[in-house]
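Work through these exercises with the sequence and structure open. Try each task before you read its solution.

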Amino acid sequence: MNSNKVIWITGASSGIGRALALNYAQNYPDDRVVVSSRSRASLEETFKNNPNVFCYAADVTDQTSMQQVASTIEQNFGRLDIVFVNAGICEYIDNYPVDMASVDRVFDTNVKGAIHSVNVALPLLERVSNPRIVAVGSQVVFAPFPRAGLYAASKIAMTAFFEALRLDVKRQNIAVSIVYPGFVDTPASPDKSFPRPFLLSPEDAASRIIDGVNRGRRDIIFPKRLYWLLKLKYLTKLWEFIVLPEDIKK
Ligand SMILES: NC(=O)c1ccc[n+]([C@@H]2O[C@H](COP(=O)([O-])OP(=O)(O)OC[C@H]3O[C@@H](n4cnc5c(N)ncnc54)[C@H](OP(=O)(O)O)[C@@H]3O)[C@@H](O)[C@H]2O)c1
């Protein structure tokens with residue numbers, strides 16, 4: 001498969017980002033894959049056998065360090081075709097009141113970090129034909145999960161940003177895909193005490209994402225079984241509200 005694209009994946013030292021980079025490196029040898037995360041050492045160790053992967057340290061919460069990667073991409077490759085806005089963290093609410101330092105960490109990474117990534121990537125994407133931004137959201141946006149209110153709020157905010165961005169960059173011919181994974185077995189996923197129906201490996205998640213990108217999908221939702229389960233739970237809540245209002249008030 002020849003394409004000669006330049007692809008940038010944020011948060012590629014682990015989990016879904018790492019699996020995305022390895023999939024591109026192995027199956028698309030003519031592409032050049034730029035990977036970033038806060039630790040360059042762990043990136044270099046992971047991708048030491050992949051000569052078409054280029055490792056850079058950058059913290060998504062720091063727009064200056066993200067700009068340095070964008071400038072290096074411009075100098076070294078002269079183009080950027082796809083950016084995967086993937087870096088993210090999940091912190092659960094263990095008790096109330098909510099720890100506001102946790103709110104700052106999650107929103108700085110998942111919301112502001114995503115916006116920083118777009119800010120530095122857009123000027124490069126505008127110059128190529130068929131550019132694409134791929135934002136990794138979550139199915140947590142479709143229904144409430146216990147203890148996950150903070151993470152869900154950040155992913156809903158992030159998703160809203162990319163839905164509006166899709167309209168704003170349409171004239172520049174920049175496509176925006178939003179990915180809604182279910183449970184993926186990575187360090188960010190809940191521990192085993194939390195039920196994780198239809199759990200996927202990072203490799204399976206990555207190949208579903210790349211398949212969706214190759215097909216030009218706007219929304220990449222998987223596994224669909226979880227999606228429908230979450231949607232049906234919403235319906236259940238609605239029925240409870242209509243039929244049993246006394247129970248809700250208790
Ligand atoms: N796992 C799931 O079940 C699941 C489900 C739905 C959506 N997602 C989403 O998928 C994306 C990837 O998650 P994952 O499960 O693959 O998590 P992961 O294995 O913990 O990987 C997270 C990646 O993000 C990087 N990262 C974290 N904070 C960063 C920062 N401030 N600046 C730069 N890089 C940073 C980490 O690298 P460093 O620590 O080296 O910086 C790491 O490479 C996230 O957006 C997550 O919300 C995950």
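**Exercise 1. Decide how helix 3 and helix 4 are oriented to each other, and describe their contact.**

Solution. The model is predicted.

Step 1. Start with the angle. The axes of helix 3 and helix 4 cross at roughly 25 degrees and come within 9 Å.

Step 2. Apply the cut-off. Angles under 35 degrees count as roughly parallel. Helix 3 and helix 4 are therefore roughly parallel to each other.

Step 3. The crossing of helix 3 and helix 4 is right-handed.

Step 4. List the contact. Helix 3 brings Gln63, Met66, Gln67, Ala70, Ile73 and Glu74. Helix 4 brings His116, Ser117, Asn119, Val120 and Leu124.

Step 5. Sort by class. The contact of helix 3 with helix 4 has five nonpolar, five polar and one charged residues.

**Exercise 2. Find the angle at which helix 4 and helix 5 pack, and name the residues that meet.**

Solution. 

Step 1. Take angle and distance. Helix 4 and helix 5 pack at about 15 degrees, and their axes are 9 Å apart.

Step 2. Name the orientation. Helix 4 and helix 5 are therefore roughly parallel to each other.

Step 3. Helix 4 passes helix 5 in a right-handed crossing.

Step 4. Find the residues. On helix 4 they are Ser102, Val103, Val106, Phe107, Asn110, Val111, Ala114, Ile115 and Val118. On helix 5 they are Leu150, Tyr151, Ala153, Ser154, Lys155, Ala157, Met158, Phe161, Phe162 and Leu165.

Step 5. Sort by class. The contact of helix 4 with helix 5 divides into 15 nonpolar, three polar and one charged residues.

**Exercise 3. Describe how helix 1 crosses helix 6.**

Solution. 

Step 1. Locate the pair. Helix 1 covers residues 15-27 and helix 6 covers residues 202-214. Their axes come within 8 Å and cross at roughly 60 degrees.

Step 2. Name the orientation. With that angle, helix 1 is oblique to helix 6.

Step 3. Helix 1 passes helix 6 in a right-handed crossing.

Step 4. List the contact. Helix 1 uses Gly15, Ile16, Ala19, Leu20, Asn23 and Tyr24. Helix 6 uses Pro202, Glu203, Ala206, Ser207, Ile209, Ile210 and Val213.

Step 5. Sort by class. The contact of helix 1 with helix 6 has nine nonpolar, three polar and one charged residues.

**Exercise 4. Trace the largest nonpolar core.**

Solution. 

Step 1. In soluble globular proteins, nonpolar side chains tend to be buried together.

Step 2. Count and name. The largest nonpolar core has 44 residues. Trp8, Val34, Ile73, Leu80, Val83, Ile133 and Phe162 have the most contacts inside it.

Step 3. Find the sources. The elements that give two or more residues to this core include strand 1 (6-10), helix 3 (63-77), strand 4 (82-85) and helix 7 (224-243). Helix 4 gives the largest share, seven residues.

Step 4. Zoom in on Ile133. Beyond its neighbours within four places in sequence, Ile133 is in contact with Val83, Val85, Leu122, Leu125, Phe162, Leu165, Ile174, Ala175, Val176 and Ser177.

**Exercise 5. Is Val53 buried or exposed?**

Solution. 

Step 1. Check its accessibility. The relative accessibility of Val53 is 8%. The limit for buried is under 20%, so Val53 counts as buried.

Step 2. List its partners. Leaving out residues up to four places away in sequence, Val53 touches Ala25, Val33, Val35 and Phe47.

**Exercise 6. Locate the backbone exceptions listed below.**

Solution. 

Step 1. Know the rule. Most residues other than glycine have a negative phi, and most peptide bonds are trans.

Step 2. Find the cis bonds. One joins Tyr96 and Pro97, with omega about 5 degrees. Pro97 is in the loop between strand 4 and helix 4. Another runs from Phe222 to Pro223, with omega near -15 degrees. Pro223 is in the loop between strand 7 (219-222) and helix 7.

Step 3. Find the positive phi values. Arg147 has a phi of about 70 degrees. Arg147 lies in the loop between strand 5 and helix 5 and is partly exposed at 39% relative accessibility. Asn173 has a phi near 65 degrees. Asn173 sits in the loop between helix 5 and strand 6 and is exposed, with a relative accessible area of 53%.

How values were computed. Residues numbered from 1 in each chain as written. Predicted model: local features only at pLDDT ≥ 70, side-chain atom pairs only at ≥ 80, totals over all residues. Heavy atoms only, no water. Axes fitted to C-alpha atoms, helices over the stretch in contact; angles between N-to-C directions. Helix = DSSP H or I, 4+ residues; strand = E, 2+ residues; numbered from the N terminus. Parallel < 35°, antiparallel > 145°, perpendicular 65-115°, else oblique. Left-handed = near helix turned anticlockwise from the far one by under 90°. Contact = heavy atoms within 4.5 Å. Nonpolar A, V, L, I, M, F, W, Y, C, P; charged D, E, K, R; others polar. Core = buried A, V, L, I, M, F, W, Y, C linked by side-chain atoms within 4.5 Å. Buried < 20%, exposed > 50% of the residue type's maximum accessible area, 1.4 Å probe, protein only.
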